[in-house]
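Visitor: I would like to be shown how the words used for a structure follow from its values. Could you take me through them one at a time?

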Amino acid sequence: MLDVRDLTVHDGRSRVLVRGVSFRVGPGETVGLVGESGSGKSLTARALVSLLPQELRSGGSARLDDTELLGRKDLRGVRGHRVALLMQDPFTMLNPLATVGTHLVESLPGRADRVEVARRLAEVGIDDPAVAGRYPFQLSGGMRQRVALAAALAKDPGLLIADEPTTALDVTTQRDVLALLRRIQTERRMGLVLITHDLRVARQACDRVLVMYAGALVESARSADLDAPAHPYTAGLLRSVPSVTHRQPVLLGIPGSVPAAADVVDRCPFADRCGWAEPACTEHAPPLVDLGDRATACRRHGGIDLSPPELAEPDAEPVGDARATLLDVADLVKVYRSIGLRRTEHTALAGVSLHVGEGESLAVVGESGSGKTTLARAVLGLTDPTSGRITLGGLDVTSYRRLRSADRARARRLVQCVFQDPYSSLNPAHTVGYTLAESLRRRGEDLDVESEVDSLLDLVGLPASYAGRRPVALSGGQRQRVAIARALAVRPRLLVCDEPVAALDVSVQAQVLEVLRKANRELGIALLFITHDLAVARQVTDRMVVMHRGRIVEHGATADVLDAPTHPYTVRLVQSVPDAAPHTEGEAHVTQ
Amino acid sequence: MIVRALSAFALGLVVIAALLGDWIAPFDPGAQDLAGTAMPPDAAHWLGTDELGRDVLSRLIAGTRTALLGPALVALGVAVLSTAIGLLAGYRGGWVDSAIMRAVDLVYAIPPLLVAIVVVGVFGGGYPLAIGVLIALSVPADTRMVRSAVLAQRNLAYVEAARTVGLGRGRILFAHLLPNVLPTVVANLLLSFVGALVGLAALAFLGLGVGTGAPDWGRMLAENKGLVDLNPAAMIGPAVLITVVAASVTLLGDRLYDLMSARGRDAGRA
């Protein structure tokens with residue numbers, strides 16, 4: 001049905017961004033396009049519907065049945081009607097001033113009535129027809145994504161391209177939306193190209209998975225066959241996904257970071273990060289070799305063993321009760337009041353109590369809106385709680401503003417933070433060395449700042465030469481490690497980590513998580529680890545609390561909570577984790 | 001590209017003229033030649049003479065000093081004051097912010113040039129007074145822009161990280177926020193320069209600002225407007241110079257802002 005041949009994308013200066021991508025999608029087939037940031041997967045999708053950013057040009061061919069999609073002028077007959085695009089961010093892709101009904105009516109062919117709108121909404125699982133009269137801001141992220149899906153399907157396209165449709169959603173919502181996509185696609189016998197960075201999602205939802213790296217396809221395989229990858233990059237990705245079922249002694253990432261596509265046009269793009277690379281790998285770009293029902297771009301395929309190592313270690317015993325309490329949070333409440341004509345209240349924390357022992361690691365898990373970030377901000381003194389008490393190292397730090405300045409300085413040295421977004425957590429105006437030195441001086445001792453900066457960088461696995469760099473010259477994972485070094489410079493006893501790897505590609509997550517585990521185990525720094533990712537929590541923490549709507553609904557040893565959850569919400573959360581297993585053969589439509 | 005090069009070239013010439021005025025001017029700008037008044041351009045007087053027989057070119061060259069110095073003082077004064085107040089208002093928030101911003105709103109309601117004319121006119125003119133009034137009236141608008149630049153930065157994680165590390169307010173303001181709002185400050189600085197150049201010229205045109213007899217572009221425009229038939233160059237010369245300098249500074253300022261804000265920023269986040 002869709003036949004893409006040798007698709008390329010160039011920027012205004014003819015630098016290659018996507019190189020020679022070829023694949024086919026049959027009717028009723030789901031093809032997953034998987035890759036990390038910079039792999040070119042979104043550009044590939046946008047090229048197919050001619051929505052590339054203005055200065056970019058596409059080449060090659062993409063035929064949908066008998067229609068060429070690339071380089072067309074009369075797109076209106078094709079876009080929406082035959083091929084539709086579902087975008088990532090449900091919060092910005094709907095017009096805030098138009099109701100759900102308006103969105104659908106303008107997309108539906110011919111004169112649409114209320115009955116048709118209701119029918120379309122019902123198809124995407126919205127049974128309440130009153131939703132048609134609502135505005136986007138009145139809907140949750142999952143609901144918006146459903147409305148956007150209904151709008152994308154309005155003209156009954158034969159092919160739907162979904163670009164990271166569930167990335168901005170919570171895991172439980174993600175599961176529902178994926179199931180919905182799958183059901184609609186089966187019913188309509190529609191082709192689906194699902195673009196995602198998450199290999200687990202792709203395997204679960206797709207018949208076939210295409211792996212992209214630095215602008216090129218490196219492997220194509222049926223989901224079921226991915227247990228035995230045929231390209232070292234795929235193997236590395238599979239290994240990088242942390243396990244939710246057991247604790248790994250070493251978290252394996254892929255060393256280095258993704259190169260720019262234009263820098264690797266005449267060689268194997270993965271050679272620099274590959275454990276099996278040999279000199280011949282860098283001599284020319286290896287083509288995608290067809291191996292029957294799969295294909296790989298590794299010239300050494302068959303000659304190397306890519307099966308993942310089986311590694312597991314017993315989960316650490318929780319030690320919190322045996323040690324002195326470092327952080328004690330008692331009955332914490334935070335209510336946000338809006339200012340304006342209609343005063344509304346929002347309870348972010350509804351009485352949260354927890355404690356962290358010296359050197360212990362505690363996970364706080366929950367979905368967006370559960371209050372976990374508010375909890376972190378209160379502990380860090382970035383927001384004052386409405387009521388309750390926070391004690392840190394014997395010091396009452398409920399309100400940092402009311403502390404005497406000597407006590408405030410003491411508290412600031414006890415607790416430090418690693419923030420979620422590595423792109424905004426470092427000052428772009430200063431070098432890494434400046435940032436670290438500034439933090440070191442807060443320790444208040446006489447020390448050789450320069451050599452301390454070097455040893456901090458060494459601690460987080462970065463070369464000393466990075467001290468002279470500015471954040472713009474660092475990748476996301478490197479920035480996050482600098483942010484950890486900045487926090488460790490103060491020698492805190494508690495490190496608050498607010499989603500420290502959520503913004504990172506999976507292949508570099510492991511490096512950051514390893515640094516945090518090292519800080520916890522070797523330096524004895526306690527962790528308050530906030531995450532939505534249960535697998536990450538399993539790898540890093542001893543104990544866990546589960547938050548839901550501002551309350552703690554379950555707590556216990558991390559392994560116990562994940563292996564045998566008792567609260568219904570925790571059960572749902574655990575079940576929503578996309579597992580590494582592919583979806584069952586029975587549903588699959590294997591087509592040529 | 002070519003426009004920017006021309007702008008830089010034109011500005012360079014004006015600055016050189018300001019520095020070397022006495023040496024390169026063909027005549028004494030104040031010397032009158034009552035036998036040769038309002039002469040059109042010739043080999044001796046390239047831009048002719050005005051109605052007192054003074055050489056127009058020499059007066060234009062002498063006028064570069066007030067044309068550059070006044071606006072530069074205004075721009076610097078506005079930049080320093082608006083940055084300090086804007087940083088304070090944006091970072092402190094609360095009642096401090098409210099008080100400052102209401103005062104800003106108040107000044108906003110006043111038409112600046114009109115007030116300048118009234119104040120300078122009532123107090124008998126004078127170049128320093130004109131400069132002071134222009135500073136006072138330009139600070140609010142720039143304060144507002146600096147404040148909004150600070151608001152965009154203050155909730156970014158790096159500022160919260162600086163607070164968590166335990167840095168003091170002064171250090172966060174000047175070592176962390178200031179470098180990141182500097183592109184806005186510099187862009188405003190150059191726009192204030194242009195505004196002050198035109199504003200001071202307008203005041204001089206109305207006979208306020210620089211003293212009588214002083215060679216000043218705005219004043220020349222006023223003095224020579226009657227010569228439009230006899231020696232049009234005497235009027236067109238200062239008008240063209242004011243326009244060229246204002247346009248050049250604006251163009252180069254745009255470029256400078258782009259360069260400064262590109263530094264340290266991400267080319268693209270995937």
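Guide: Let us begin with pairing: two strands count as paired if DSSP finds at least two bridges between them. Please keep in mind that this model is predicted.

Visitor: How do you know that S18(A) and strand S19 of chain A are paired?

Guide: Because the rule asks for at least two bridges and 4 bridges join S18(A) to S19 (residues 494-498) of chain A, the two strands pair, and they run parallel. Within this stretch, Val418(A) stands opposite Cys497(A) in S19(A).

Visitor: Which strands of chain A form the open sheet, and in what order?

Guide: The sheet has 6 strands in the order S18-S19-S20-S15-S21-S22 in chain A, with mixed pairing. On average, and with direction ignored, neighbouring strands of this sheet are turned by 20 degrees against each other.

Visitor: Why are strand S18 and strand S22 of chain A called edge strands?

Guide: Strand S18 (415-418) and strand S22 (551-557) of chain A are called edge strands because each of them pairs on one side only.

Visitor: Which helices lie across strands of this sheet, and at what angles do they run?

Guide: Helix H12 (residues 476-489) of chain A lies across S18 and S19 of chain A, and runs at about 175 degrees to S18(A). Helix H16 (residues 568-576) of chain A, in turn, lies across strand S21 (543-548) and S22 of chain A, running at about 105 degrees to S21(A).

Visitor: What makes up domain 1 and domain 2 of chain A?

Guide: The domain assignment gives 2-73 + 197-296 as domain 1 of chain A and 325-421 + 476-575 as domain 2. Their C-alpha centres lie 36 Å apart, and the contact between them takes 17 residues from domain 1 and 16 residues from domain 2. On the side of domain 1 that touches domain 2, the residues divide into 7 nonpolar, 8 polar and 2 charged.

Visitor: How many residues of chain B and of chain A are in contact?

Guide: Taking C-beta atoms within 7 Å as the cut-off for a contact, 17 residues of chain B are in contact with 24 residues of chain A. The largest share of the side of chain B that touches chain A, 7 residues, comes from H6(B).

Definitions and conventions:
Residues are numbered from 1 along each chain as its sequence is written. Chains are lettered from A and ligands numbered from 1 in the order in which they are written. This is a predicted model: local features need pLDDT of at least 70, side-chain atom pairs count only at pLDDT 80 or more; totals for chains, interfaces and linings use all residues. Two residues are in contact if their C-beta atoms, placed from the backbone, lie within 7 Å. Domain bounds come from an automatic or database domain assignment. Ala, Val, Leu, Ile, Met, Phe, Trp, Tyr, Cys and Pro count as nonpolar, Asp, Glu, Lys and Arg as charged, and the others, Gly among them, as polar. Axes are lines fitted to C-alpha atoms, for helices over the stretch in contact, and angles run from 0 to 180 degrees between N-to-C directions.
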